[in-house]
Amino acid sequence: MNAVTLSGRELAADIRTGAAARAAELAAAGRPPRLAAVTATDDEASAWYVRSLGSSAAKAGIGYDVYDLGPAATAEDIEATLARLSGDPAVHGIIVQSPLPGGMRLAGLAAAIDPAKDVDGTNPVSLGRLMTGLPAFAPATAAAVISLLDRYRIAIEGRRAVVVGRSAVVGKPVAHLLLDRDATVSICHSRTRDLAAVTAQADILVAAAGHARLIGTGHVARGATVIDVGTNATSDGGMVGDVDPEVAEIAGALSPVPGGVGPVTTALLLRQVTEAAAGAA
Ligand code: NAD
């Protein structure tokens, strides 16, 4: 294996330490930060994530409540909960957990989250503000990709970046954040013709398709930096990314799954809760 491993664990620990210090200051000032997670599913992976976020929040001294509306929840139930939490001065951050009950779109529901509490940048207003250069919370996963690149001093400016995936929560905001840092950005998706021909031009390749081992050695230029955002469950209960581990023979740097973007995402989400609490009137 030649590639440098872009572990997110130490970076995440540093971000959590900073968030915990900020949370303690806010608590001392009478404004203990609090995060609310709204779920409407009986999906096991989702339940695991919601629990693990709770233990990370507790360690950082951030209050945490889960509003489990169950898989039979209607869009109105979810929107009413989000609107109520948006109006609750004791709550500073609100997230909605995916998957949602059939046919519901996250962006539509997340419009009910006050943008000042939209710590995972899912309200379309947050994305619009981000794209137009106004202050807004970025989706934590997208921000985690940039943090990981910065931590390992991987230059972004002027580099050719290719993002595989165009969702509103990962692909599009990552592409935008890279563009904002003066990369030349292409976005690939399920209808892209000859994916490998595009991805092989990348200095920085971000894989966010949710497709196990989609990116193989033939997709990557020698020496490229590859950030694997994908999290794909395996039949034995494990998790693999979108990038074949053999890519490490070709790439200059590669983020692992698990242990790359994931822990940084959680840590940044907690930091954004403290920022929301600090900004609250
Ligand atoms: P999504 O399903 O909403 O979007 C996937 C995107 O990939 C789509 O735009 C689609 O066009 C594209 N795509 C799918 N198959 C493709 C193919 N064969 N070739 C090219 N493009 C293809 O998923 P998402 O919510 O954006 O998440 C993407 C991945 O990131 C998933 O594995 C998800 O679990 C993971 N994720 C990880 C974190 C984290 O913190 N590590 C957070 C959020 C999402």
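This is a predicted model: local features need pLDDT of at least 70, side-chain atom pairs count only at pLDDT 80 or more; totals for chains, interfaces and linings use all residues.
1. Residues are numbered from 1 along each chain as its sequence is written, and side-chain values use heavy atoms, with hydrogens and water left out.

2. The protein chain is divided into domain 1 (29–122) and domain 2 (140–261), with bounds that come from an automatic or database domain assignment. The centres of the two domains, taken over C-alpha atoms, are separated by 27 Å.

3. An open sheet is formed by three strands in the order S3-S2-S4, with parallel pairing; strands are DSSP runs of E with at least two residues, helices are runs of H or I with at least four, and both are numbered from the N terminus. Two strands pair if DSSP finds at least two bridges between them, and strand S2 (residues 34–39) is joined to S4 over four bridges. Leu35 stands opposite Gly93 in S4.

4. Helix H2 (residues 44–59) packs on this sheet and touches S2, S3 and S4, where contact means heavy atoms within 4.5 Å.

5. The axes of helix H5 (residues 124–131) and helix H7 (residues 171–180) come within 10 Å and cross at roughly 20 degrees; axes are lines fitted to C-alpha atoms, for helices over the stretch in contact, and angles run from 0 to 180 degrees between N-to-C directions. The contact is made by Leu127, Leu130 and Met131 of H5 and by Lys172, Pro173, His176 and Leu177 of H7.
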